[in-house]
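Have the model open while you read.

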Number of protein chains: 2
Amino acid sequence: MVVMRIGRIPKQKRLLELANEIEHNPFITDEQLTKKFNVSIQTIRLDRMELGIPELRERIKLMAEKSYDKVVSLQIDEVIGEVVDLQLDKSAISIFEINEEHVFAKTKIARGHHIFSQGNSLAIAVIDDEVALTASADIRFVRSVKLGEKCIAKAYVRNDSLNRDKVNVDVFTYVGNELVFEGNFVIFRSDHKK
Amino acid sequence: MVVMRIGRIPKQKRLLELANEIEHNPFITDEQLTKKFNVSIQTIRLDRMELGIPELRERIKLMAEKSYDKVVSLQIDEVIGEVVDLQLDKSAISIFEINEEHVFAKTKIARGHHIFSQGNSLAIAVIDDEVALTASADIRFVRSVKLGEKCIAKAYVRNDSLNRDKVNVDVFTYVGNELVFEGNFVIFRSDHKK
DNA sequence: CCAAAAATTATTACCTGATACTAAAAGTAG
DNA sequence: CTACTTTTAGTATCAGGTAATAATTTTTGG
């Protein structure tokens, strides 16, 4: 068995530390790593091989590609959550999963505005109009939503409105069959073209 | 005056198209650009110089750094907007500037949920408690907010509440001295420790 | 203690996508 | 024709690597 003696840190430990170092500083070169670990550049490269960590240039390229995709997808998210059903001017359903970036670090409970955002953007999406803006809303958070839970929002357009420029949309959001949020949104529409 | 004859596109036009090409495909090499524009690689490089566009590797590095910063700052944003004044259990003020990612592409009007998010997170921040959650809210979007406008949200804790577990917070958001949003938030607090 | 195995270091050739610089050729205007 | 701009060509150099082969050092089993 291979057991390193004193004087230099053992290989296994170095591998762990190397992976860690690159993780939280992806912009470090092999050259700089040799100084950190007091080993030759070849050792660093063998280590990277073993760990399956690509070279600096590949790493930053991957990061850039990832963020580039994100920018594109950020412009796609006309709706917070994924619309699974849409009947214009009638009803709509969207699904939104709560993950780390949506919760309070301490409690792992979703921040209210994300739940609101899902409902609000669905209420906007269901309105078949060029320009639809939220005028006001009356909302209630029935119970808190936790990390990992899937929120299913259902929006219903109330057609009892007298005024054609204002539409009432009711939104109910569920986790499973438990109601977690409800809201009544008053939406302004620019001009109804149908 | 320099006016190019037929056969090749004029320099000024090429410069514009080059900037455009790199803008929406930052991962293109000078070599690939020579084929697109049918000029030598030196010309491409002179053009980049003139336009102040860095080389491929610099470009993707900048993108990666930007996204790396974003990941870090995403975890900092306990509050949407920048808190400029905070008197716990009394009042708070935050500033939030509307930029491209917050508006509808067509109209350049801010999506309602961002305005809501600023108000909601400020209402949470002003409550001096370990766990504070939004129970319900009654909100009104007074006028639409446009790209580039700075929203100043002011939150006031109403201390007329009988129930110590529920707190009412009023939020008024202004652009300049125009009211754009108002909301009354009912916040649940876990246990008041003072 | 000694030989085999493991780990590390050294060396060399090569790659991509550039910069920096010098020089020459081609096109264009007056 | 000539002054000027634009474009092309060529060379040297760089960073930050890959790939492969060999040599050296360290460790350990027995």
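Predicted model: local features only at pLDDT ≥ 70, side-chain atom pairs only at ≥ 80, totals over all residues.

## Ground rules

Let's start with exposure: a residue is buried under 20% relative accessible area, exposed over 50%, and partly exposed in between (1.4 Å probe, protein chains only).

Residues are numbered from 1 along each chain as its sequence is written, chains are lettered from A and ligands numbered from 1 in the order in which they are written, and side-chain values use heavy atoms, with hydrogens and water left out.

## Chain A at a glance

Chain A has five helices and six strands, where helices (H or I, at least four residues) and strands (E, at least two) are DSSP runs numbered from the N terminus. Reading from the N terminus, the order is α-α-α-α-β-β-α-β-β-β-β.

How much of chain A is buried? Of its 194 residues, 42% count as buried. Take the contacts (heavy atoms within 4.5 Å) in chain A between residues at least 6 apart in sequence: 60% of them join residues at least 24 apart. The chain exposes about 11400 Å², with carbon and sulfur atoms supplying 53% of that; such areas come from the Shrake-Rupley method with a 1.4 Å probe, and for residues only the protein chains shown count as cover.

## Strand β5 of chain B

Over in chain B, have a look at strand β5 (residues 166-175), which is mostly covered: seven of its 10 residues are buried. Two strands pair if DSSP finds at least two bridges between them. β5(B) pairs in the antiparallel sense with strand β4 (residues 150-158) of chain B over seven bridges, and B:Val157 has B:Val169 in β5(B) as its bridge partner.

β5(B) also pairs with strand β6 (residues 178-189) of chain B, again antiparallel, over 10 bridges. Here B:Asp170 stands opposite B:Asn184 in β6(B). β5(B) and β6(B) form a hairpin with two residues between them, and B:Gly176 in the turn has a positive phi of about 65°.

## Salt bridges

What does A:Arg140 pair with? Its partner is A:Glu182, with the closest N and O atoms 2.2 Å apart. A:Arg140 lies in strand β3 (residues 132-141) of chain A and A:Glu182 in strand β6 (residues 178-189) of chain A, so the pair ties together parts that are 42 residues apart in sequence. A:Arg140 counts as partly exposed, at 39% relative accessibility. Chain A also has a network of salt bridges linking A:Asp30, A:Arg45 and A:Arg48.

In chain B, B:Glu50 forms a salt bridge with B:Lys11, the closest N and O atoms being 3.2 Å apart. B:Glu50 sits in helix α3 (residues 41-51) of chain B and B:Lys11 in helix α1 (residues 11-24) of chain B, so this pair ties together parts that are 39 residues apart in sequence. B:Glu50 is partly exposed at 48%, and B:Lys11 is partly exposed at 34%. The side chains of B:Glu97 and B:Lys150 meet in a salt bridge too (3.7 Å, N to O). B:Glu97 is in strand β2 (residues 91-97) of chain B and B:Lys150 in strand β4 of chain B, so they tie together parts that are 53 residues apart in sequence.

Terms used
Salt bridge = Lys/Arg side-chain N within 4 Å of Asp/Glu carboxyl O.
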